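Dear colleague,

I am passing on the structure below, followed by notes on what was found in it. Please read the notes alongside the coordinates.

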Amino acid sequence: MALDISHRDQQLALKHVNCILDYLNSLKDLTPELKQIVGTLMNIPFIPVHQDDVYDVIYPGTRVFLSAPSNCFEFSRRMYLTPELHSVTQETNSLRHAMSLLGVSDREVPLNVVLECILNFQKNEANLCNFEDSRISERMESVYLFIATKCFLSQGIVENATVRENRELVKKTLEGVSWIWHHTFCKFFPVNQTYLSDEYLQYRSRYLIHFPYPQLIEKDIVLRFFQFMGISHKVTAENAVIILSRMKNDFAESPLPLRNHPKDPDECGLVIHLINSLAEGFGDKDICQAVYLLTESYNLKLASQLHSNDMPWCSFGEDDHTTLVHNKITLLASHKLGAKSKMETMYNIQWTNFGQHEDLTNRIEGLLREFPCDVTIFKELLQNAEDAGATEVVFVLDSRRYGEETLCLSPSLQKNWKELQRIPSLLVYNNRHFSQQDFAGIQEVGIGGKRGKSTIG
């Protein structure tokens, strides 16, 4: 227990304490009797401790002035202590021998105490804004450095079981906790919103922050610690989905605010940057189904509900109820993430085929009507054979009659077809081989194999 002496004669009390500490500091060798006295003093609250007004805000009513040596640590460790544990004042800390006798100088702060310090700060986040940014940042920087040195050793030093146990304790304690303090926003952030790259610094967004302690990660141990805890160099596609979903949850159907000043957050710019830069990373179809894109009205909507504007020169019309992806999001990105194509939608739904259309049977009937029914038909057939490069043309008159029983035609057509089975027919062929181009030509009625050739007839 700490002793509150704020209601007493503080000067007299501290004078008595200093006498005891000066005496202990002068001792060279301890007799058994003195050792027993020092042992008794270990649990008596008489050591002046550092009064931190930050704790007065986090823990209202805490007014600690004297504490037992067993709960005290040297002045340099004041940054990561809870109200139950204290650092001695700077003046008391100078009495090095006395502090050593009382076990204060050599006492290490337990890792769980430092973790508790983070949790206490995080729970009282709102109160921390009453202090200068530098004071809280300095304290948190010391805390992070302390934890990192407990979880990782310098390169080349073999790890022991204690270091591995420390890592497991830290991971378990801080998992799911927002514990990265950022002075700009006066707020703690989770690791999946914190990145080491300065690529996102320009957006000043609270949804994706630049790691605010660049001097810390210059130390290899600290860098390895933060990477172990899940802080990445750049945003992954999976984390981008989380960030966009969090923004959608906060803004709902409201538009994202526009940036009016360079110091304002640029949430719209951040969304556009994430989508365009990470489009290739969204390979998982399940991930794509949950991606929100920015619309031209600066709202966030699921990509599957939007159209990419791949035909900006054309409108859907007066009855248009579609929503377009923001024009700064690339067509590649919007298509990749599942936005519909405006072009395909207009072709498949809004537009009808334009141009000539004619049934095949009507076309053949028209060609037959144009064929001459006199002697000139033989000239036409000879000319076709010559154009094809044939050297021989054969005309065969077939006067045979053919059966009518197996004609699979409707009753309305059977009469005309039966007549054709009875009358003579003329067969004409030449010695020019039928090519693949000729096969293609007969599929295009009215064009034939003469396309691209200069022929007569």
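Leu 382 is partly exposed, with a relative accessible area of 43% (partly exposed lies between buried, under 20%, and exposed, over 50%, with a 1.4 Å probe and protein chains only), and its place is in helix H17. The model is a predicted one, in which local features need pLDDT of at least 70 and side-chain atom pairs count only at pLDDT 80 or more, while totals for chains, interfaces and linings use all residues. Residues are numbered from 1 along each chain as its sequence is written, and side-chain values use heavy atoms, with hydrogens and water left out.

Together with Val 375, Phe 378, Phe 395, Leu 397, Leu 426 and Val 428, Leu 382 makes a nonpolar surface patch of about 620 Å² (residues with over 30% relative accessible area and no salt bridge, nonpolar side chains being joined within 5 Å; a salt bridge is a Lys or Arg side-chain nitrogen within 4 Å of an Asp or Glu carboxyl oxygen).

Ala 240 lies in helix H11 (residues 237-251) and is buried, with a relative accessible area of 1%.

Best regards

Definitions and conventions:
Helix = DSSP H or I, 4+ residues; strand = E, 2+ residues; numbered from the N terminus. Patch = residues over 30% accessible without salt bridge, like charges linked within 9 Å, V, L, I, M, F, W, Y side chains within 5 Å. Areas by Shrake-Rupley, 256 points an atom, 1.4 Å probe, with all protein chains shown as cover.
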